[in-house]
Amino acid sequence: MKKMLLFSIFLLLLSSVLSACNSSNTTTASNEEGKVVIDFFHRWPNEPRKSFYDEKIKEYMEANPDVHINVNSVLNDSYKEKIKVLVSSNDLPDIFSSWSYSFAENLVSSEKIMPLNDVLSEDTEWSSSIIESQYEGFKFNEETYGVPFTVDGKAFFYNKAIFEENNIAVPKTYDEFIAALDSLKQAGFEQPLVEGLTDTWAISHYLGTIFKRVVDPAVLEKDYKAETGEFTDPGYIKGLEIFKQLTGYMGDVSTAMDHEAARNMFAAGEVPVLYMQFAEIKMVQEAGKVDFGFFDFPAVEDGKGDPTALTGAPEGWMVSKTAPKETIDFLKFLTSAETAAEFTKTDGQLNAVKGAVTSDNVNATSQEAYELVTNATSTAPWFDNAVNINIADVFMRGGQELATGQSTPEDIMKTVQQEAKKLNK
């Protein structure tokens, strides 16, 4: 009898615990602490951003004692998957980081994201402090659903000393780039260009830029929409052939490592050229003493695309429709000039807040990159955020297979076209 009684008590206690766990964090914490609770989710569990945001949360809560902020974070790929799960399970965080363009648009389609036009118009002193062009990736059907914070771009970083020692000029066309890589091979660099091809996102960045150079913009606009995409333009074959040609300079080492390893090789002076984001400038500088410059992906002869478009897109903050009203104040805190300037000084990544990138918090190299981003005639969003993820997956896996000789551009495009037909239905 005692055993049965104890077991019954155990079940009762377990039921109570499970019930509490199933209730929302806001309700539970509010009842216990008497505070408004904001659930905050970002994708930087690594340093220095983890500590930066932990400190900013602490700072905000000390200034706002009636608010408690719960924070959670996971890395890129896990973040993408977790956000999808949270959206489908009606458990979306109150405020969270988001990529722009198609990634943001997919979240907006859930109808669980707060539209921000009224919020932005009610406080123009704050909203106008953000670089206007950077809002574009969060606008859908004339409504803004996110506030941009970081800005970025992609370019070829090159070792200035190696280029000078071998009398190689910075290339302005794709043909000149190939000639430069050939000269570097002749100078003894077995892999003059490297990339971490185990990271499929790195492949998508190459492909997105190349397609922007060689495919007619009107064709890209049609194909990048799931409901109208066909991907029958011969420019895609040409683009994949260009990528295949470039992987020929990367060697087998690139198919067995990630992008971070490739970056470390560049920073150590082991390879002359690497395609990188401006967000990585500080990482390269801290990892080595290489004097480097950068150049945009060169124009391709007979290319029908934009020869000067800069690949890159902002990231920002989105808010759930069910978030407490205090979340907007926290959003403004995260995107204030003070937070932005401190963020760039700590992390090295450029931000979208006007006047928050200066000689006080970045060096001349980063300022040059910032000017390239803000003055670009047009931008090309990251390819894996520009197209449907199923299409992107085919291209990214196909890029790996091109590098290892397991597939051809024609084979990849057949699979892409089949996937596109499924999405048209």
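Three residue pairs, both members at pLDDT 80 or more, are in polar contact across the interface of domain 1 and domain 2. A polar contact here is a pair of N or O atoms within 3.5 Å; within protein, one must be able to donate a hydrogen and the other to accept it, and residues adjacent in sequence count only if both atoms are side-chain atoms.

The model is predicted: local features need pLDDT of at least 70, side-chain atom pairs count only at pLDDT 80 or more, and totals for chains, interfaces and linings use all residues. Residues are numbered from 1 along each chain as its sequence is written, and side-chain values use heavy atoms, with hydrogens and water left out.

The two domains, whose bounds come from an automatic or database domain assignment, are listed here.

| Domain | Residues |
|---|---|
| Domain 1 | 36–151 + 314–371 |
| Domain 2 | 154–311 + 388–424 |

Taken over C-alpha atoms, the centres of domain 1 and domain 2 are 29 Å apart. In domain 1, 11 residues are in contact with seven residues of domain 2, where contact means heavy atoms within 4.5 Å. Between them the domains bury about 810 Å², 55% of it on carbon and sulfur atoms. Buried area is the accessible area (1.4 Å probe) that two parts lose on being put together, summed over both.

On the side of domain 1 that touches domain 2, α16 (337–347) and α17 (364–375) each supply at least two residues. The most comes from α17, with four residues. Helices (H or I, at least four residues) and strands (E, at least two) are DSSP runs, numbered from the N terminus.

The chain as a whole has 20 helices and 13 strands. Its radius of gyration is 24 Å, close to the 22 Å that the globule rule gives for 425 residues, so the chain is as compact as a globular protein of that length. That radius is taken over C-alpha atoms, and the globule rule is 2.2 Å times the number of residues to the power 0.38. The C-alpha trace spans about 80 × 50 × 50 Å along its principal axes.

The structure holds 16 salt bridges. In one of them, the side chains of Glu342 and Lys56 meet at 3.0 Å, N to O. Glu342 lies in helix α16 and Lys56 in helix α3 (residues 49–63), so this pair ties together parts that are 286 residues apart in sequence.

Two backbone features remain. Most residues other than glycine have a negative phi, and most peptide bonds are trans. Glu47 and Pro48 are joined by a cis peptide bond, with omega about 10 degrees; Pro48 is in the loop between β1 (36–42) and α3. Phe231, not a glycine, has a positive phi of about 60 degrees.

Notes
Salt bridge = Lys/Arg side-chain N within 4 Å of Asp/Glu carboxyl O.
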